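Me: I have a structure open and have not looked at it before. Can you take me through it?

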Amino acid sequence: MTMKTFSVAEWSPTGIKRQDDILAEEVAVALVYNGISHVVMMCTPDALEAFAIGFSLSEGIIDRPEQIYGISLTAHRLGIEVHIELASSCFMALKQHRRTLAGRTGCGLCGTEQLDMLSQPKHHLPYTQTLALSSLDIALKQLKDLQPIGRQTACTHVAGWLDTAGKVQAGYEDIGRHVALDKLLGARATADWGSEGGVLISSRASYEMVQKAISCGVEILCAASAATQRAVDIAQEYGLTLVGFSRGTRAIIYTHPQRIVSEVKYK
């Protein structure tokens, strides 16, 4: 279950009345690699296998899904443990670069102990993808259809995969924007809906969101809100097309606009 009913008091100018409200479930999820707990994130307890794969890819723990040999879930009185059986070479590298994280639904480089521990993408992106923004308004409406928890609770983010025509192929939601993106990236790595297109997220584009996209080979990232300066700098350096304020008929293309195709010419 990812939602729960809770009795609340609603205030209005006519007075206060009791009623039931629907809340999104928030659970502590520990990612455990080869028996060693690496990170605890507060997130929505669904699609956790996809989350494990996406987090492992976007954090550079693995280079491809095949380096994970197995994933199992264990219920705990304090949350859920996701046990990940990792290839020995990846696990050795992980132990050498381990950091202790305390995941939150807010922003921040949780648990990074030193500035030189900030992760950077490994490779510059190629120029193989294009995306039409003319269908963005339709895509946003489709994305809401893939956000059942958000429709009832108004407290989740969603990340969706757009094909080259700008239509949504899949979407994943979570109380945390980073986790929603990780779930999508994990599903994309093993899905059959293809890799051509780009990502649309319901949040702002921060440094971490851009870094995760680049690390997983995503060439186009569209955000419903603004991008931060650090996000734009990283996107420019590593070849990501970063689009902000993607809200229907208008959008701001911050970097590498050559991937955006349109019948309308640049002015």
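Reply: What follows goes through confidence, cores, salt bridges, and a few strands and helices.

Me: Before that, what kind of model is it, and how are residues numbered?

Reply: This is a predicted model, where local features need pLDDT of at least 70, side-chain atom pairs count only at pLDDT 80 or more, and totals for chains, interfaces and linings use all residues. Residues are numbered from 1 along each chain as its sequence is written, and side-chain values use heavy atoms, with hydrogens and water left out.

Me: What is the mean pLDDT of the chain?

Reply: The mean is 86, and 88% of the residues reach 70 or more. pLDDT is the predictor's confidence in each residue, from 0 to 100.

Me: Okay, cores. How many residues are in the largest nonpolar core?

Reply: It has 52 residues, and those with the most contacts inside it are Leu 31, Tyr 33, Phe 51, Leu 86, Val 210 and Leu 242. α1 gives the most to this core, with six residues. Another core, of 14 residues, lies apart from it, with Leu 131, Leu 162, Val 168 and Leu 200 among them. A nonpolar core is a set of buried Ala, Val, Leu, Ile, Met, Phe, Trp, Tyr and Cys residues joined through side-chain atoms within 4.5 Å. Buried means under 20% relative accessible area, exposed over 50%, and partly exposed in between, using a 1.4 Å probe and protein chains only.

Me: What is Phe 51 in contact with?

Reply: Leaving aside neighbours within four places in sequence, Phe 51 contacts Val 29, Leu 31, Met 41, Cys 43, Val 179, Asp 182 and Lys 183.

Me: Lys 183 is charged. Which residues does it form salt bridges with?

Reply: Lys 183 forms one with Asp 46, the closest N and O atoms being 2.8 Å apart, and another with Asp 174 at 2.7 Å, N to O. A salt bridge is a side-chain nitrogen of Lys or Arg within 4 Å of a carboxyl oxygen of Asp or Glu.

Me: How many salt bridges does the structure hold?

Reply: Six. One of them joins Arg 259 and Glu 219, with the closest N and O atoms 2.9 Å apart. Arg 259 is in the loop between β14 (252-253) and β15 (260-261) and Glu 219 in the loop between α6 and β12, 40 residues apart. Arg 259 is buried at 2%, as is Glu 219 at 3%.

Me: And Asp 163, where is that?

Reply: Asp 163 sits in the loop between β9 (157-162) and β10 (168-174). Asp 163 is buried yet has no salt bridge; the nearest side chain of opposite charge, Lys 167, is 6.3 Å away. For charge, Lys and Arg count as positive and Asp and Glu as negative, while His and the chain ends are not counted.

Me: How do β9 and β10 pair?

Reply: They are antiparallel, over six bridges; strands pair if DSSP finds at least two bridges between them. The two form a hairpin with five residues between them, and Gly 166 in the turn has a positive phi of about 85 degrees. β9 also runs antiparallel to β11, joined by four bridges.

Me: Last one: how many residues of helix α6 are buried?

Reply: Eight of its nine (residues 207-215) are buried. The buried residues pack against α1, α5, β11, β12, α7 and β13.

Terms used
Contact means heavy atoms within 4.5 Å.
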